[in-house]
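The sequence and structure come first, then the points by topic.

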There are 4 protein chains.
Amino acid sequence: MSSVFGTLFKVSTFGESHCPAVGAIVDGCPSGLALSEADIQPQLDRRRPGQSGLSTPRNEQDLVTILSGVENGVTLGTPIALMVHNRDQRPGDYQEMLAFPRPSHADYTYQVKYGRRASSGGGRASARETIGRVAAGAIAEKFLAQSCGVEIVAWVDSVGLIPGGEVDLDSISRSQVDASLVRCPDPVAAKAMEELIALVRDNSDSVGGVVRCVCRNIPAGLGEPVFDKLEALLAHAMLSLPATKGFEIGSGFAGSSMLGSVHNDPFIQKGGRLGTLTNNSGGVQGGISNGEQIHFRVAFKPPATIGVSQRTAGFDGQEGILEAKGRHDPCVVPRAVPIVESMAALVIMDLLLRQEYRQRGRG
Amino acid sequence: MSSVFGTLFKVSTFGESHCPAVGAIVDGCPSGLALSEADIQPQLDRRRPGQSGLSTPRNEQDLVTILSGVENGVTLGTPIALMVHNRDQRPGDYQEMLAFPRPSHADYTYQVKYGRRASSGGGRASARETIGRVAAGAIAEKFLAQSCGVEIVAWVDSVGLIPGGEVDLDSISRSQVDASLVRCPDPVAAKAMEELIALVRDNSDSVGGVVRCVCRNIPAGLGEPVFDKLEALLAHAMLSLPATKGFEIGSGFAGSSMLGSVHNDPFIQKGGRLGTLTNNSGGVQGGISNGEQIHFRVAFKPPATIGVSQRTAGFDGQEGILEAKGRHDPCVVPRAVPIVESMAALVIMDLLLRQEYRQRGRG
Amino acid sequence: MSSVFGTLFKVSTFGESHCPAVGAIVDGCPSGLALSEADIQPQLDRRRPGQSGLSTPRNEQDLVTILSGVENGVTLGTPIALMVHNRDQRPGDYQEMLAFPRPSHADYTYQVKYGRRASSGGGRASARETIGRVAAGAIAEKFLAQSCGVEIVAWVDSVGLIPGGEVDLDSISRSQVDASLVRCPDPVAAKAMEELIALVRDNSDSVGGVVRCVCRNIPAGLGEPVFDKLEALLAHAMLSLPATKGFEIGSGFAGSSMLGSVHNDPFIQKGGRLGTLTNNSGGVQGGISNGEQIHFRVAFKPPATIGVSQRTAGFDGQEGILEAKGRHDPCVVPRAVPIVESMAALVIMDLLLRQEYRQRGRG
Amino acid sequence: MSSVFGTLFKVSTFGESHCPAVGAIVDGCPSGLALSEADIQPQLDRRRPGQSGLSTPRNEQDLVTILSGVENGVTLGTPIALMVHNRDQRPGDYQEMLAFPRPSHADYTYQVKYGRRASSGGGRASARETIGRVAAGAIAEKFLAQSCGVEIVAWVDSVGLIPGGEVDLDSISRSQVDASLVRCPDPVAAKAMEELIALVRDNSDSVGGVVRCVCRNIPAGLGEPVFDKLEALLAHAMLSLPATKGFEIGSGFAGSSMLGSVHNDPFIQKGGRLGTLTNNSGGVQGGISNGEQIHFRVAFKPPATIGVSQRTAGFDGQEGILEAKGRHDPCVVPRAVPIVESMAALVIMDLLLRQEYRQRGRG
């Protein structure tokens with residue numbers, strides 16, 4: 001297990017799908033930040049299951065409690081412990097998985113790695129693991145917003161083969177994103193996506209999608225070459241999320257087919273600073289933020305747990321038919337939106353703190 | 001700076017384009033491994049510039065010396081220091097960059113971050129930074145090959161808009177890859193790529209490409225959820241390379257448009273173990289290797305340094321015309337092949353050592 | 001803040017003296033260990049305040065709850081979250097500290113470092129911070145006992161100027177230690193210590209002491225030169241405890257006055273292994289355990305919070321008289337005994353896991 | 001092996017007694033620091049063997065070369081690689097150790113841990129390992145001196161049973177320390193120490209000693225509770241040095257016998273800040289520097305390698321007589337002085353950088 005993330009803003013998460021609680025400890029949050037549960041709950045609400053018929057019927061309120069690190073509504077600079085109780089546990093749903101590892105789920109690999117696995121649900125491979133990340137990310141977001149005006153907004157860029165349409169990176173807001181259940185700001189695309197997800201759900205199947213994210217007002221200078229480049233930590237963060245299969249920043253894979261003379265972002269004067277005319281770089285050059293918007297995309301596969309019968313081998317090697325009964329999302333990307341935002345916030349927060357110390361070196 | 005990579009197999013790299021030497025320290029390599037410079041030099045030779053007219057005319061022999069950690073041809077278990085001298089330095093080539101930050105290069109961001117930058121060449125953002133990675137990766141590769149039979153092979157999957165064709169993941173070998181200058185195993189595609197790169201070079205331009213990589217004989221059980229999942233560390237490693245813009249594993253972005261019933265990899269009996277019929281997972285489930293081939297793709301943008309005139313702002317904000325004279329590669333992907341292999345080896349090696357300790361827990 | 005300890009067995013602690021809860025997350029505990037609250041509670045009971053008239057009147061039951069990482073009484077290999085509620089909070093006791101930083105306490109330095117401090121009690125500098133350490137250490141101890149037969153026993157070696165007498169390192173047990181309230185196995189010394197502590201308490205003063213600890217059945221080979229030598233991590237662990245001022249291992253400071261011909265521990269055959277005739281080394285040579293007993297001593301200063309009037313400057317620089325009213329221990333060493341044991345267990349556990357991976361390197 | 005030290009100012013060392021070179025990489029040094037070999041060489045000269053008849057006859061010039069990270073005499077902010085060649089190698093001196101592990105040396109434990117050991121000399125347990133530490137420490141010292149006026153001075157506080165006398169912590173300087181070969185500022189004590197060491201040397205024996213160190217002008221606020229308290233990192237750093245057996249800060253072990261009313265350091269107004277009247281705390285309260293002098297002591301055992309015949313068991317378990325022929329110091333403390341200073345500088349430098357980031361949190 002490696003459940004600790006970050007160098008100076010260090011997040012330790014805990015909890016699996018059917019234990020008493022899930023949560024996180026945030027170590028390294030600066031003191032003096034006004035903070036209460038009300039700053040954290042909204043992103044947890046956007047993440048929680050049961051928000052609509054498009055997501056898992058597992059119904060959790062996911063109310064967060066701050067256990068430490070805050071006094072009189074202000075952070076002390078000490079570790080902030082965050083806890084959310086697991087309430088809607090139904091271990092009985094998972095009997096069939098004793099014999100069959102779910103195809104493309106983590107049942108088999110956890111068994112191999114640990115010599116055992118949580119007997120009910122996905123254990124630590126469950127989406128509930130991300131609660132601690134989102135709670136910690138909400139703290140990072142508040143600090144970033146207050147100290148630098150950082151804005152982080154993600155949305156659904158595609159579901160299955162349905163593209164999400166153009167989005168204005170300068171203005172897209174969370175309220176625009178949340179206008180549709182599927183969290184795609186284009187209303188036509190959103191409607192088509194919702195219909196696809198409903199169809200897939202009714203077929204007891206699942207479907208993948210892509211989440212796109214933009215980070216605005218990121219100070220230039222963040223990122224620690226050579227191994228902790230900004231894009232490297234973002235890629236790390238995103239590929240650590242359940243069900244992710246790909247990450248691209250700026251021009252991404254499309255950029256690999258371009259000429260340098262087209263791809264290069266010329267510098268121009270922007271207010272008091274150098275900016276770039278285009279942004280194929282995605283806000284990062286040489287692994288360091290350049291003051292432009294950071295924008296990236298994350299590919300999510302279709303959820304592995306499906307109701308459709310699957311012919312597959314059991315732990316004993318004998319083939320048979322698996323019909324999974326566990327509650328699951330037919331498509332994870334609408335709920336993945338706040339999770340992607342949270343992980344982006346954790347990366348940027350850590351790199352902001354890691355850059356701060358260089359000020360003395362300048363003097 | 002963050003120039004240390006890994007938890008138990010820990011690599012610290014050093015060196016920029018025009019200092020006396022570049023290299024690395026490998027801390028945590030197990031004792032008892034037969035090792036000499038001859039084990040490391042071949043991958044450095046595949047990485048070095050000047051291998052053909054398709055790469056930069058900078059000509060370096062890049063001979064490696066082992067400074068410590070090996071006695072009588074066998075590793076002691078102590079840190080292995082590796083050094084390669086920089087010989088072909090031409091600081092004079094970089095005068096024009098004093099006034100203009102190269103578009104999409106790291107000149108501007110290094111200046112912002114550090115308050116100064118290497119006055120000649122790319123400094124730590126130069127491709128020479130990767131020498132330490134490749135030298136360290138060669139040690140990891142040898143250990144992995146001897147202890148588990150691991151095979152890691154990368155190749156050029158596309159250059160610009162030219163696709164590289166199908167490759168048999170079971171059998172592709174480095175000698176097949178090296179049969180063409182461009183390191184694409186499909187001879188027809190390779191010829192087209194070489195012609196494109198030559199054309200781009202003659203136009204003083206550059207072009208991007210994609211490298212694909214397969215890792216065979218990886219033991220099941222490697223990967224440390226939730227933050228150090230195998231794919232998360234691979235993504236981190238690859239996006240820490242210069243000029244990378246994207247990473248995908250298994251089905252990747254294409255997987256995001258699929259149904260779960262199609263995407264899932266059913267389990268089947270394979271010899272004495274459970275395997276999967278298909279491999280959309282790319283050898284990883286729940287962040288842990290499942291014993292199947294790990295395969296992934298990495299997108300490289302076109303090199304930022306081009307000879308074509310570029311209209312761009314200088315450090316003083318005044319627009320002008322930059323004509324870069326530094327030697328550069330018109331396309332990095334042929335030389336990126338051994339670098340991608342090396343980073344994959346570093347990730348797998350570290351995760352192998354991190355998994356080992358669990359054996360006692362089983363007793 | 002740096003509230004994470006360990007490389008593979010990684011402990012994150014949280015909580016201050018007057019927040020809702022204190023505790024820890026243990027990440028990296030091997031799977032398959034039988035574990036329940038009953039394995040952890042006894043050491044917390046030995047640590048808790050109010051055990052006798054010799055310790056602080058703050059009365060806490062300190063009941064631990066396991067929130068995650070254990071299913072059906074066995075560890076899953078996932079993070080184990082541990083929580084203890086703070087119940088007996090009396091913020092009102094600390095009003096006088098708003099104006100005066102307590103001499104030799106952390107009020108002033110926390111204020112300087114964080115720009116604020118917990119307004120009540122010692123915050124993170126409170127002894128309650130050690131609860132998470134003790135809970136985590138109890139898990140490490142159980143694993144070490146089961147896998148290697150490790151025994152860790154600490155006791156009070158002196159209080160003020162009263163020495164604790166000779167103790168047989170081969171046989172000393174926790175029940176012998178707990179036979180006296182002051183946790184000194186020598187009954188005569190224990191009685192004198194108790195009388196001294198009672199006298200000091202009645203005078204509203206405090207007194208220091210020394211804790212000694214022996215670790216038996218430690219496998220040879222633990223310790224990671226050069227920076228994570230066994231004694232270096234033990235010293236780090238012990239000096240991270242509140243109120244500690246010194247650490248020595250084996251011959252310690254006395255060894256500095258000896259000749260090499262006297263100090264050296266000759267090797268002898270012991271059963272099937274090499275052992276040493278004497279043990280001035282304290283079980284460690286070159287930073288690596290040699291299979292002999294590890295024994296060390298830790299110096300604790302007198303608690304800084306005393307009821308005696310103190311002439312001292314306030315935060316405003318004006319001198320005045322401070323009469324602290326907070327509940328405190330007149331002497332911490334009796335309660336420090338399980339804390340020292342726990343930190344020793346955390347160090348040894350982490351080094352055991354870090355040594356395990358070398359087995360593959362041998363093949 | 002764990003040869004990396006520090007969080008933001010990260011030092012990786014390499015090299016054993018008889019390989020081509022020893023040295024270090026310093027990652028995280030701020031840019032803009034004027035730096036050349038001349039800043040580093042003096043401390044290496046103070047550390048090197050052969051300075052007088054009191055130390056080992058091994059004669060090394062130990063000239064350092066900066067390989068990277070510095071351009072035009074100023075640091076770039078990139079990793080600084082430092083190398084010192086090993087020249088005076090005499091592997092033949094160590095034949096007798098093939099059969100016998102030296103008592104209280106690391107031969108046996110390295111063999112157990114790694115399954116092999118350097119066949120000649122102490123390998124990584126040799127004092128030559130400390131060269132990389134001293135070179136890195138010299139860089140930290142220069143930065144600390146320039147940015148905060150930090151002064152770090154160590155000296156020999158005792159050799160065998162000879163105490164070093166009183167030293168004025170406010171004024172003691174390196175030139176005063178270096179006035180005697182033995183590096184004890186008290187001339188009478190120094191003479192006695194030199195005679196003792198000469199006698200011990202002539203008897204082919206060795207003797208231990210204590211080094212004391214003071215750090216002046218340390219800003220208040222350094223130290224990262226709870227695990228990376230300033231004194232915890234100092235203890236870690238010092239106990240990671242070869243031959244150390246103990247560490248104490250401020251009142252140390254003597255403080256354990258005092259009453260709180262005597263031990264507490266009352267606050268007083270000092271210029272524009274709060275200071276303390278006494279300094280039993282050793283400049284640290286609650287793990288954080290308080291702006292007073294940091295002072296501590298480190299106990300060194302007598303060197304394990306002695307010429308005196310020793311009856312001891314060989315690797316095969318058979319007892320015999322070992323007469324070691326290797327060159328060694330009869331007493332390490334004079335040469336340990338710059339090493340202790342260097343490790344203190346590394347700890348303070350890292351904590352200074354770790355504290356810097358909190359400035360933004362205050363805004």
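A residue counts as buried if 20 or more other C-beta atoms lie within 10 Å of its own, with C-beta atoms placed from the backbone. By that cut-off, six of the six residues of strand β11 (residues 244-249) of chain B are buried, and the strand is mostly covered. The model is predicted.

**Strand β11 of chain B and its partners**
- Strand β11 of chain B pairs with strand β16 (residues 294-300) of chain B through five bridges, and the two run antiparallel.
- Within this pairing, B:Gly246 has B:Ala299 in β16(B) as its bridge partner.
- Across the chain boundary, β11(B) is joined to strand β11 (residues 244-249) of chain A by three bridges, again in an antiparallel arrangement.
- In that pairing, B:Glu248 of β11(B) is the residue opposite A:Gly246.

- Strand β11 (residues 244-249) of chain C and strand β11 (residues 244-249) of chain D run antiparallel and are linked by three bridges.
- Here D:Glu248 in β11(D) lies opposite C:Gly246.

**Contacts between chains C and D**
- On the chain D side, 89 residues are in contact with 88 residues of chain C.
- Helix α6 (residues 230-239) of chain D contributes the most to the side of chain D that touches chain C, giving six residues.
- By residue class, the side of chain D that touches chain C consists of 40 nonpolar, 35 polar and 14 charged residues.

Terms used:
Residues are numbered from 1 along each chain as its sequence is written. Chains are lettered from A and ligands numbered from 1 in the order in which they are written. This is a predicted model: local features need pLDDT of at least 70, side-chain atom pairs count only at pLDDT 80 or more; totals for chains, interfaces and linings use all residues. Two residues are in contact if their C-beta atoms, placed from the backbone, lie within 7 Å. Helices (H or I, at least four residues) and strands (E, at least two) are DSSP runs, numbered from the N terminus. Ala, Val, Leu, Ile, Met, Phe, Trp, Tyr, Cys and Pro count as nonpolar, Asp, Glu, Lys and Arg as charged, and the others, Gly among them, as polar. Two strands pair if DSSP finds at least two bridges between them. A residue is buried if 20 or more other C-beta atoms lie within 10 Å of its own, exposed if 12 or fewer, and partly exposed in between; C-beta atoms are placed from the backbone.
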